Amino acid sequence: MAMRTGEDNAMQEWQHDIPTRYFTTYEALEEAFRRRVAGLVPRYHAGIRIFWDDFQRIYDRPTPASEVYEAYITSNPRDCLAFGTPFQVLQGAWLSARRRTADPPDPPDKVAERFGLGAHLHQSIRSLSGGETVRLAMAKVHLLAACAGRLTVASPFSWLALDHWGDFRQLANRYRACGTDVELFALEGEDTVAPAVAEEGTGPAALPFAWRLKSLHLDLGSLLDHLHDRPVCAEVANVDESLTSPCLFWGDNGQGKSLVAKALAGAISFKGEAAVRGPEGVRRVRLLFQDVLNQTLMRSMGQLVPRPRADETAVVYDELRESVQRRVVPSGRPLLPFAEKRKNAAPLGLLEIKILLAAVRLVDRQSVLILDEPDWGLSRDDAVAYVTAVVHAAHGRGVPVIVISHKPWWQHLARSVRCFRKEPTSPQDAGHLFRIRITRLPEGAS
Amino acid sequence: MNSVMRLTGLAILAVPVFTGLALFPESRPALPGVAWLSFGYAFLVLIGIGALCGRALLANALAVTVLILAPVIYGGATVSWLLTVLGGTSPEAAGAMHGAHYVRLTLNMLSVIPLALALVASIPFDRLELRLLRTERGIASGEKYLLMFIRVFHHTVYFVIPNILEVMREETLLRMAAEKPGHRSGLHRFQIVGRRLTAGLVQIGISSICAALRFIPLWAREIDDLPRRTPQHHRSQT
């Protein structure tokens with residue numbers, strides 16, 4: 001597979017002229033982004049020692065008065081929201097903007113309406129969907145346009161669906177109209193929508209499986225939400241059908257794809273039935289979260305793979321590693337074999353973490369493996385090679401694979417596609433925030 | 001039930017145990033040195049928390065209580081008993097010397113810890129944060145400290161703990177730790193399971209502390225950036 005440069009694709013497909021810096025790896029992007037936003041976002045995944053070094057560096061850092069006031073959105077937009085509800089985030093930004101400029105910005109309520117957050121103003125940020133979180137981050141930055149000296153955004157092509165690109169361009173234009181610099185940080189190939197196609201003759205074979213969702217009610221909040229009488233449940237329409245792996249769960253930002261996946265994997269509590277019958281029968285569902293860095297819980301390779309399971313995991317890890325390397329030269333450092341990597345003290349890169357977590361999950365041959373936004377934090381070529389490698393390895397073990405993405409270009413790798421759509425609930429369904437519908441054919445697909 | 005009623009109910013329940021008031025000092029003993037009413041009070045507190053805050057919160061508060069209580073009580077009682085026996089007292093007499101103290105301590109912890117957790121959980125911190133930010137006149141220095149405290153509390157309760165729980169559930173971490181380690185038997189197997197459980201819990205503890213602290217510099221900067229209230233201005237609602 002030939003390497004493409006992000007710059008070639010940027011102008012064709014996302015149609016923008018915003019200055020963009022491209023990086024080969026997530027680690028390089030995050031390092032540059034942290035330097036740009038005055039080091040405010042510490043690394044989390046690199047281990048406890050580096051965490052503390054970062055923490056001390058940021059905490060001890062004096063803030064010069066002349067420093068440019070930086071507006072920014074992080075590569076995971078939730079990381080740049082500092083208060084508990086959308087109203088508080090916007091009110092905080094409004095107060096900061098008003099302090100710095102004589103011309104008061106629009107009030108928070110008005111900005112919330114403009115970004116489609118009017119109904120979610122007093123909802124806990126934890127219970128916002130991905131799409132609402134993205135819109136909130138953009139609304140906050142919109143308010144800060146009045147006073148910011150620069151806007152820097154990390155990986156917008158990853159967290160923003162192409163359908164919403166117009167909103168983002170409007171935001172960037174607002175800054176440019178004030179004479180403020182705007183710059184994007186992106187991974188190579190992140191801004192392409194060209195279909196992902198497997199090489200001739202090496203595409204994954206189809207593998208059938210069945211899934212069933214019945215009377216499913218998802219619990220989105222914490223115990224405290226229940227205590228303070230906040231509605232924190234969502235309902236999912238019934239499904240009982242056969243699918244073919246690799247299957248794509250597709251839909252716009254924040255339509256409930258990840259929620260359903262977490263329910264299937266038992267990661268969130270729910271009422272009702274959510275089960276998958278794979279070739280080996282009804283077994284557990286394993287899930288790789290979008291934010292795999294949080295999923296590691298700062299554990300080292302040795303802690304993620306206990307010694308009794310190391311040999312089995314090593315076989316799958318090395319198979320995935322070789323498969324990725326056959327398809328593409330991985331960006332950044334070379335991928336070391338499992339045995340060498342286990343002895344190596346250097347922290348795992350994002351691609352290595354994803355390979356390791358997939359390997360751990362494939363060892364047990366469960367009902368299905370779900371990859372939530374597998375391209376998050378990877379260059380386009382690495383992402384395609386990684387997903388293809390995981391599907392091959394999983395099918396070889398009789399494990400079907402579900403890929404979750406808001407990017408329609410994954411459809412060309414999938415043998416079945418299910419479209420997710422969030423709908424408002426009727427007044428009789430008090431206590432439910434919304435209802436998730438899952439349909440066979442993508443409606444209005446991009 | 002609104003927050004004020006819930007907090008009032010919990011505060012009434014908490015008066016005896018938090019103030020140390022002996023409401024029924026002369027009641028009949030259930031065990032030597034432990035009154036029936038001590039059991040009754042602990043039971044009443046748990047029933048009260050269940051009624052005021054719900055069974056789910058009670059179950060979680062009890063789980064936390066037992067995690068704290070078990071090593072403190074068993075460890076403390078064992079060490080005291082051993083020291084007394086080593087001092088020349090017979091094992092039966094040594095048990096009788098400290099038994100009542102540890103039973104009372106257990107009952108005390110069964111009341112204090114769930115009550116403290118329920119009280120903290122019942123405070124509407126989000127509304128407090130909202131109230132502090134609903135201003136056009138700026139925010140006082142003390143309010144900024146309070147905002148910072150609320151932010152860390154919120155992040156821990158709504159992000160850190162749920163994220164860790166999601167990962168643990170997906171991996172069924174505790175079940176894996178308790179899996180039978182091969183063909184080992186007896187004490188050796190127990191040691192391996194214990195080591196795995198301890199290592200897992202320590203790792204989760206470290207991860208949760210780091211996750212809770214992770215964004216403090218970012219929040220500190222954003223909160224510090226809010227306009228400071230000038231003395232002549234009064235708070236008003238937007």
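## The main core

Of the 141 residues in the largest nonpolar core, A:Leu218, A:Leu320, A:Ile370 and A:Val390 touch the most other members. A nonpolar core is a set of buried Ala, Val, Leu, Ile, Met, Phe, Trp, Tyr and Cys residues joined through C-beta atoms within 7 Å. A residue is buried if 20 or more other C-beta atoms lie within 10 Å of its own, exposed if 12 or fewer, and partly exposed in between, with C-beta atoms placed from the backbone. In soluble globular proteins, nonpolar side chains tend to be buried together.

What does A:Leu218 touch, leaving out residues up to four places away in sequence? The partners are A:Cys233, A:Ala234, A:Val236, A:Leu259, A:Ala263, A:Ile268 and A:Phe270.

## About the model

The model is predicted: local features need pLDDT of at least 70, side-chain atom pairs count only at pLDDT 80 or more, and totals for chains, interfaces and linings use all residues. Residues are numbered from 1 along each chain as its sequence is written, while chains are lettered from A and ligands numbered from 1 in the order in which they are written.

## Chain A overall

Chain A has 16 helices and 15 strands. These are DSSP runs, numbered from the N terminus: helices are H or I with at least four residues, strands are E with at least two. Of the 446 residues in chain A, 53% are buried.

Contacts are pairs of residues whose C-beta atoms, placed from the backbone, lie within 7 Å. Take the contacts in chain A between residues at least 6 apart in sequence: 78% of them join residues at least 24 apart.

## Helix pairs

Two packed helices are described by the angle between their axes and the distance between the axes. Axes are lines fitted to C-alpha atoms, for helices over the stretch in contact, and angles run from 0 to 180 degrees between N-to-C directions. In chain A, H13 (residues 307-327) and H16 (residues 380-396) pack at about 135°, with axes 9 Å apart. That makes H13(A) oblique to H16(A). Angles under 35 degrees count as roughly parallel, over 145 as roughly antiparallel, 65 to 115 as roughly perpendicular and the rest as oblique. On the H13(A) side, the meeting residues include A:Leu320 and A:Val324; on the H16(A) side, they include A:Ala389 and A:Val390. This contact has eight nonpolar, three polar and two charged residues. Ala, Val, Leu, Ile, Met, Phe, Trp, Tyr, Cys and Pro count as nonpolar, Asp, Glu, Lys and Arg as charged, and the others, Gly among them, as polar.

The axes of H2 (residues 36-53) and H3 (residues 55-86) of chain B come within 7 Å and cross at roughly 135°. H2(B) and H3(B) are therefore oblique to each other. B:Leu46, B:Ile49, B:Gly50 and B:Cys53 in H2(B) meet B:Arg55, B:Leu57, B:Leu58 and B:Ala61 in H3(B).

## Backbone details

Which form does the peptide bond from A:Ser245 to A:Pro246 take, cis or trans? The bond is cis, with omega near 0°. A:Pro246 lies in the loop between strands S7 (239-245) and S8 (247-250) of chain A.

A:Ser155 has phi near 50°, a positive value in a residue other than glycine. A:Ser155 counts as buried because 25 C-beta neighbours lie inside 10 Å. For A:Met298, phi is near 60°, also positive and not in a glycine.

Conventions
Two residues are in contact if their C-beta atoms, placed from the backbone, lie within 7 Å.
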